[in-house]
Amino acid sequence: MFLEEVRNTTSYIIGTFFGLGLIRIMSGTIASLAIATIWYFTDVDFFYNTLDNIIHYDRFFYMFLLLLGISYPCVYVCKICEKQFGKDAPEIVIDEIVGYLFAILFLPKTLMVAIYAFVLFRIFDIMKPLYIGKLQDLPHGWGVMMDDIIAGITANIILIGLYFLRPDFFTII
């Protein structure tokens, strides 16, 4: 009983991203904006050294592995949270956090990347075009996570293509 309570409380905290999901209006957008802000203002040059404009692609590989590693436990968290809040409830926002992190993967750490990734990710997450909307039907927390992961990956592919075509477009600010 005690372990179940700890599991439920931990899932609640992670699933709502420390309570952000409990904000009644646009909780997914607020959570996405929060992780974009945290990512941009975190003073760690883990991915992109702004002093010498070198992108450290080997470090992106570690971030990719980390994202894959946290995605599965987040599916479990979503499964637990769905029992409390309901299927893909707006209170569950850990999927937005992970989805946004997929959207910025392999891109330099600039303000414009943060903004473009936020906008594109939210468009794909809210509108759920084509295959993204069908993923919500997956059971046991998978539907909660997978639609956001694929929305983030879709935004990422577009942004990487734009970055290679027009890198100056990402360094305006």
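Leu 159 lies in helix 7, which covers residues 142-165; helices here are DSSP runs of H or I with at least four residues, strands are runs of E with at least two, and both are numbered from the N terminus. The model is predicted, so local features need pLDDT of at least 70 and side-chain atom pairs count only at pLDDT 80 or more, while totals for chains, interfaces and linings use all residues. Residues are numbered from 1 along each chain as its sequence is written, and side-chain values use heavy atoms, with hydrogens and water left out.

At 1% relative accessibility, Leu 159 counts as buried, a term that means under 20% relative accessible area, with exposed meaning over 50% and partly exposed in between (1.4 Å probe, protein chains only). Apart from its neighbours within four places in sequence, Leu 159 is in contact with Ala 103, Leu 107, Tyr 116, Ala 117, Leu 120 and Phe 170, where contact means heavy atoms within 4.5 Å. Of these residues, Phe 170 is eleven residues from Leu 159 in sequence, and their C-alpha atoms are 9.3 Å apart in space.

One of the contacts of Leu 159, Ala 103, is also among the buried residues of helix 4. Eleven of the eleven residues of helix 4 are buried, so this helix is largely enclosed by the rest of the structure. The buried set includes the charged residues Asp 95 and Glu 96, together with Ile 94, Tyr 100 and Phe 102.

Helix 4 is followed by Phe 106, whose phi is positive, near 70°. Most residues other than glycine have a negative phi. Phe 106 belongs to the loop between helix 4 (94-104) and helix 5 (111-127), and its 30% relative accessibility makes it partly exposed. Another positive phi, near 50°, occurs at Lys 128, in the loop between helix 5 and helix 6 (131-135). Lys 128 counts as buried because its relative accessibility is 18%.

Rings of Phe, Tyr and Trp (its six-membered ring) pair if their centres lie within 6.5 Å; planes under 30 degrees apart count as stacked, over 60 as edge-to-face and the rest as tilted. By this rule the chain has seven aromatic pairs. One of them joins Tyr 40 and Phe 41, whose ring centres are 4.9 Å apart with planes at 80°, so the pair is edge-to-face. Tyr 40 is partly exposed at 26% relative accessibility, whereas Phe 41 is exposed at 63%. Phe 64 and Phe 106 form a tilted pair, because their ring centres are 6.2 Å apart and their planes stand at 35°. This pair links distant parts of the chain: Phe 64 is in helix 3 (residues 57-85), and Phe 106 is in the loop between helix 4 and helix 5, 42 residues apart. Phe 64 is partly exposed at 28% relative accessibility.

Of the 173 residues, 46% count as buried. Residues 24 or more positions apart account for 71% of the contacts with a separation of 6 or more. The C-alpha trace spans about 55 × 35 × 30 Å along its principal axes.
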